[in-house]
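Dear colleague,

Please read the notes with the coordinates open beside you.

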Amino acid sequence: MNKIKVVTTLNTEMIDITAQVQELVAGYKTSGSVCSVFIPHTTAGITINENADPAVRRDMLVELNKIVPEREYFTHIEGNSAAHIKASLIGSSVTVLIENGKLALGTWQGIYLCEFDGPRAREVWVQVINSI
Ligand code: ZN
């Protein structure tokens, strides 16, 4: 397993980690490999979405904040239940096929670490699985 370290700087943000993941899979030239990208945190998530217009990321975060605002009736002692809920909505991993040492992503796709309770030091765990 490989680890990518990311230091987030905002409370809520989406950070493109595609290049760091790509570096880790570059040596896998045979077909039949997949890459699992997992975040071992409960207030951050991993997703794939558009990498062209940054407004997409901004709109996603604005909408997630509307869907899951902080509520006075939340009972979690740490006070960050909204971040926990958003992390579960986004999910904690993605799987990407690898073709000729490259992530097989769509033209406009990037892999994002989604921070919901930053700033924090985060890790992303990456494992390549070979089927051949
Ligand atoms: Zn908590």
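How many bridges join strand 2 to strand 7, and in which sense do they run? Four bridges join strand 2 (residues 13-16) to strand 7, and the two run antiparallel; strands and helices here are DSSP runs numbered from the N terminus (E, at least two residues, for strands; H or I, at least four, for helices), and two strands pair if DSSP finds at least two bridges between them.

Before going further, please note that this is a predicted model, in which local features need pLDDT of at least 70 and side-chain atom pairs count only at pLDDT 80 or more, while totals for chains, interfaces and linings use all residues. Residues are numbered from 1 along each chain as its sequence is written, and side-chain values use heavy atoms, with hydrogens and water left out.

Strand 7 also pairs with strand 4 in the antiparallel sense, over seven bridges. Cys 114 of strand 7 is the bridge partner of Met 14, and Cys 114 is likewise the bridge partner of Gly 45. Six of the seven residues of strand 7 are buried (under 20% relative accessible area, with exposed meaning over 50% and partly exposed in between, for a 1.4 Å probe and protein chains only), so this strand is largely enclosed by the rest of the structure.

The protein donors of the zinc ion (N, O and S atoms within 2.8 Å of the metal, or 3.2 Å for Na, K and Ca; water is not among the atoms, so sites may look incomplete) are His 76 (NE2), Glu 78 (OE), Asn 80 (OD1) and His 84 (NE2), lying 1.9 to 2.2 Å from the ion. Along the chain, these donors follow the spacing H-x1-E-x1-N-x3-H.

Finally, Ile 77 is found in the loop between helix 2 (54-67) and helix 3 (81-90), and Ile 77 is exposed, with a relative accessible area of 84%.

With best regards
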